Amino acid sequence: MSWQASSWALKQRVGDPILKILLLAAANYADPNGRCWPKIETLAFDSEVSKRTIQRKLVELHELGLVLLTPQFSAKGKQIESLIQ
């Protein structure tokens, strides 16, 4: 966990409590470089919202410029996770 990422997330004004808790949940898994790879299921459990809501809200955070999402794919071309920065 990166306390820097958590501290940064707390200071962000996003205008939506679900966005805020998602940003904090992702920050909780960040490495010292601000990167994390949590599963959607993990973020949904931590945030107490549905997986679909997490997927939509991650896109919103990306559109707000608060996170960078980089899909990661298996050798067969299936998306297996996303890098969140």
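Trainee: What makes the contact between the side chains of Glu 60 and Lys 57 a salt bridge?

Mentor: The N to O distance for Glu 60 and Lys 57 is 3.4 Å. A salt bridge requires a side-chain nitrogen of Lys or Arg within 4 Å of a carboxyl oxygen of Asp or Glu. The value of 3.4 Å meets this limit, so the pair is called a salt bridge. Please note that this is a predicted model, in which local features need pLDDT of at least 70 and side-chain atom pairs count only at pLDDT 80 or more, while totals for chains, interfaces and linings use all residues. Residues are numbered from 1 along each chain as its sequence is written, and side-chain values use heavy atoms, with hydrogens and water left out.

Trainee: Where in the structure do Glu 60 and Lys 57 lie?

Mentor: Both belong to helix α4, 3 residues apart, which is about one turn of the helix. Helices (H or I, at least four residues) and strands (E, at least two) are DSSP runs, numbered from the N terminus.

Trainee: What makes Lys 57 and Asp 16 a pair?

Mentor: Their closest N and O atoms are 2.6 Å apart, and the two residues form a salt bridge. This pair links distant parts of the chain, since Lys 57 is in helix α4 and Asp 16 is in the loop between α1 (3-11) and α2, 41 residues apart. Both partners are buried.

Trainee: How do you know that Glu 41 and Lys 51 meet in a salt bridge?

Mentor: Their N to O distance is 4.0 Å. The limit is within 4 Å, so the pair still qualifies. Glu 41 lies in helix α3 and Lys 51 in helix α4, so the pair ties together parts that are 10 residues apart in sequence. Glu 41, at 45%, is partly exposed, and Lys 51, at 44%, is partly exposed as well.

Trainee: Which residues of helix α3 are buried, and how do you know where on the helix they lie?

Mentor: Within α3 (residues 40-47), the buried residues are Leu 43, Ala 44 and Ser 47. Seen down the axis, they fall within an arc of 100° (taken from the directions from the helix axis to the C-beta atoms), so they line one face of the helix. These buried residues pack against α2 (17-28), α4 (51-63) and β2 (79-84), where contact means heavy atoms within 4.5 Å.

Trainee: Why is a space called a pocket, and which residues lie nearest the centre of the largest pocket?

Mentor: On a 1 Å grid over the protein atoms alone, a pocket is an open set of points where a 1.4 Å probe fits, with protein on both sides within 12 Å along at least five of seven lines; lining residues have an atom within 4 Å of a point. The largest pocket has 14 lining residues, of which Ile 40, Gln 79, Ile 80, Glu 81 and Ser 82 lie nearest its centre. The elements giving two or more residues to this lining are α3, α4, β1 (69-73) and β2. The largest share, 5 residues, comes from β2.

Terms used:
Buried < 20%, exposed > 50% of the residue type's maximum accessible area, 1.4 Å probe, protein only.
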